[in-house]
Amino acid sequence: MSRSCIRYLLFLIMLVFVSNAMAASRLALDQGWEYRWGDSPFVDGVPQWVLADEPDQWHGIEFPSNPPGRHLQQNIWYRVTLPQSHWVDPVLYVTSIDLIGEVYLEADKIYHYGEFDAEGKGDFIGWPWHMIELNPDDMGQTLYFRVYSDYTDIGLWGEVMLMERPDLLLMIISSSVVDLAIAAFCIFISLLALAFAPMRPGSQHFVYLALFSLTIAGKLLGENAAVQLVLDAPLFRVYLTAAAYFSMPIFIAFLLGQWLGKEGSRLINRIGYLHLAYLFVALGLSLIGVIHLSITYPIFDALFTLTLVVLLVVTLRDLKQLNTDQRLIVAAFSIFALFLLVDMAVAHGFLPWTSVPLSLGGLIFVLVLVLISLREYGRTDKAVRLMNITLENRVAERTAAIETYAQIERERSQQAERTHQMSLSLDELVNQLQQLDSLKEAGELLVQRLPELFAPMRLKVKLLSAVERYAEEELSESEVLIRIQQMQSGDHPFAKVYLDLGSLPSDDSRRMTKAFLLRMSERIGVTLTSINLRECLQQMSYEDALTGLKNRRHLDDSLKREIALAKRQQSALSILICDIDFFKQFNDRFGHQAGDMALRAVASVMLEQFRETDICCRFGGEEFVVVMPGIASESALQRALDLLIKVSERELVYQGQHLGNITVSIGLSSWPGGSSTPHQLMDDADRALYRAKVNGRNRVELHQAVQV
């Protein structure tokens with residue numbers, strides 16, 4: 001580690017000597033500047049202010065930046081006479097221009113940055129450094145700068161120097177290499193911190209520290225002059241710088257919010273979210289062209305300065321709550337913040353221009369982060385070693401206990417394997433029971449299969465009679481009851497099971513087998529209850545579950561009653577049978593769930609069209625029957641036609657998909673009228689339905705009696 005530091009210091013010393021050597025070939029243009037507010041008129045693309053001297057319109061200034069008397073003006077001209085000197089490949093170096101500009105040598109335009117429109121304005125495109133190429137013969141001539149800016153500053157910024165081209169490039173590289181190295185170091189350390197954070201619970205502060213280090217690297221890279229040599233995209237670099245710069249208070253606020261007291265944390269977290277909102281709003285509005293990115297800097301600098309003051313006050317108030325590592329981080333951030341404040345003051349003209357070593361502040365912060373990471377790693381390593389020793393002792397203690405229990409566990413494993421095999425056989429038995437339709441069949445299967453399930457142990461099954469089910473009887477340890485739940489009378493025993501537990505080798509085996517026997521009785525009891533419930537429901541149900549209409553069983557009972565009443569009272573009786581047209585094709589095309597929806601739609605129309613005294617039933621599949629007591633053939637025909645129309649008008653929509661319409665074919669018979677007796681109504685209506693299908697579907701056919 002020490003050798004690396006020594007090499008790094010030697011490298012920095014070498015750069016200082018190189019910089020001093022180049023200073024001799026630089027010539028700062030810091031005298032003879034003049035300015036003139038406004039913009040020159042142009043004739044044939046030539047600015048008139050470079051042709052006419054007009055000395056009374058030009059005013060002297062020490063440096064071409066922010067002259068007095070701006071008064072919201074956005075255009076200005078500067079001029080200076082190039083000093084006589086001997087140069088081989090001269091260039092003019094300008095640190096930055098606020099915001100865009102053109103350079104004229106006498107009447108010739110030799111450089112431009114940005115595009116001026118007809119009104120002398122233009123868009124902000126970044127803050128790069130500028131190299132304006134000259135010729136040795138240009139010395140002694142006047143150089144003009146045309147500048148437009150709607151920013152707080154207007155003119156040139158930083159340094160304006162005349163120098164040889166190789167010297168400029170060497171100066172750019174030598175002045176940037178330290179910042180590049182520190183930026184790379186910041187990125188490396190932040191990645192290490194991000195990798196280290198998941199290793200310790202509650203190390204979220206390492207994430208914030210890593211992200212803050214990344215913002216330092218982003219700002220250094222975005223403002224690094226050497227980057228411009230390989231990436232000539234000044235606006236992109238400005239966005240990179242802005243994103244990094246605007247993110248700094250976010251991560252430091254969230255970091256301090258974790259450390260400080262409840263009241264201070266709440267205030268600082270709100271500041272963090274405020275800066276997060278500013279980051280997205282400022283960059284978002286500038287990206288979509290609502291504002292220039294340059295305008296967001298003064299606002300942020302004012303907000304950031306206020307934030308630094310609040311952070312300082314709150315942190316000093318709660319400083320006692322911080323540990324040594326946290327205080328080191330606060331101190332390092334304070335040093336970096338001081339560099340930032342000086343840089344702000346220089347940028348906005350509150351201090352004379354100087355190169356602020358932000359990279360030094362960033363390096364101090366990252367080195368503190370490295371120191372804390374090493375300390376944290378040492379503590380973690382020590383804790384891991386202590387944990388390993390503790391674990392080794394516990395492992396040794398438990399190894400002896402495990403060996404003691406090994407034999408017991410082997411016995412249990414064997415019994416568990418037997419229980420598992422019996423569970424598989426029980427699953428198979430339950431599946432067979434679920435296929436049965438009556439308790440009688442289920443009882444016969446249990447008597448046959450349960451002894452096989454527990455073989456070679458001896459097991460007996462006794463099915464209880466109706467009298468035995470309600471008799472009070474005390475059970476032995478080897479007996480269990482299989483109980484079923486009745487809908488009205490509650491639960492009662494269905495069968496008694498006896499298992500010979502005395503043949504098992506150990507208490508554990510007997511205990512596990514008895515537990516399995518109890519679980520088996522409960523599970524079979526649930527299955528038998530389900531069979532019993534199905535039996536009861538099958539006997540009691542008269543309603544079709546899908547459509548809500550009455551089912552065929554109800555139709556059979558009701559039709560007998562209505563026929564008897566019609567004959568006894570000599571009253572009319574009509575029967576309608578309808579069938580959905582091409583229902584199989586509908587099912588094949590849209591699926592059975594859509595088919596079920598179509599059946600429900602037809603049932604809904606039927607319930608709307610017919611009286612409460614009419615009996616609407618689902619006969620089976622896609623076939624429906626309506627029994628209409630007291631309705632003669634003419635009225636019945638009209639109702640059938642209405643049903644035909646209503647069904648065809650009902651549009652079907654399933655899961656957002658329009659399935660179109662369906663139609664039905666209807667057969668109708670009435671008594672007295674078409675049918676000779678009420679008993680023939682169903683057969684006559686069915687024959688009429690058949691004619692409706694043969695004659696083209698989507699129609700009503702009325703059965704007519706054959707005249708003899």
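User: Why is aspartate 588 called exposed?

Analyst: Aspartate 588 has a relative accessible area of 55%. Exposed means over 50%, buried under 20%, and partly exposed in between, with a 1.4 Å probe and protein chains only. The value of 55% therefore makes aspartate 588 exposed. This is a predicted model, in which local features need pLDDT of at least 70 and side-chain atom pairs count only at pLDDT 80 or more, while totals for chains, interfaces and linings use all residues. Residues are numbered from 1 along each chain as its sequence is written, and side-chain values use heavy atoms, with hydrogens and water left out.

User: What makes aspartate 588 and lysine 584 a salt bridge?

Analyst: Their closest N and O atoms are 3.0 Å apart. A salt bridge needs a side-chain nitrogen of Lys or Arg within 4 Å of a carboxyl oxygen of Asp or Glu, so this pair qualifies. Both residues belong to helix α14 (residues 583-590), and being four residues apart they are separated by about one helical turn. Helices are DSSP runs of H or I with at least four residues, strands are runs of E with at least two, and the numbering starts at the N terminus. Lysine 584 is exposed, at 59%.

User: How do you know that arginine 650 and glutamate 608 form a salt bridge?

Analyst: The closest N and O atoms of arginine 650 and glutamate 608 are 3.5 Å apart, so the pair meets the salt-bridge limit. The two residues are 42 apart and link distant parts of the chain: glutamate 608 is in helix α15, and arginine 650 is in the loop between α16 (633-649) and β19 (651-654). Arginine 650 is partly exposed at 27%, whereas glutamate 608 counts as exposed at 53%.

User: Which parts does the salt bridge of arginine 639 and aspartate 614 tie together?

Analyst: The side chains of arginine 639 and aspartate 614 meet at 2.9 Å, N to O. Arginine 639 lies in helix α16 and aspartate 614 in the loop between α15 and β17 (615-620), so the bridge ties together parts 25 residues apart in sequence. Aspartate 614 has 6% relative accessibility and therefore counts as buried; arginine 639, at 22%, is partly exposed. The whole structure has 23 salt bridges.

User: Why is strand β7 described as largely enclosed?

Analyst: Nine of the nine residues of β7 (residues 90-98) are buried, so the rest of the structure largely encloses this strand.

User: What makes β7 and β12 a pair of strands?

Analyst: Two strands pair if DSSP finds at least two bridges between them. Eight bridges join β7 to β12 (residues 155-164), and the two run antiparallel. Aspartate 98 stands opposite glycine 155 in β12. With β10 (residues 130-133), β7 pairs in the antiparallel sense over four bridges, where valine 91 has glutamate 133 as its partner.

User: How long is helix α15 expected to be, and what span does it reach?

Analyst: The expected span is 1.5 Å times one less than the number of residues. Helix α15 (residues 592-609) has 18 residues and reaches 26 Å from its first C-alpha to its last, close to the expected 26 Å. Its buried residues include Met597, Leu599 and Val602.

User: What makes a set of residues a nonpolar core, and which residues have the most contacts inside the largest one?

Analyst: A nonpolar core is a set of buried Ala, Val, Leu, Ile, Met, Phe, Trp, Tyr and Cys residues joined through side-chain atoms within 4.5 Å. The largest has 65 residues, and Phe212 and Tyr245 have the most contacts inside it. Helix α5 gives the most to this core, with 14 residues.
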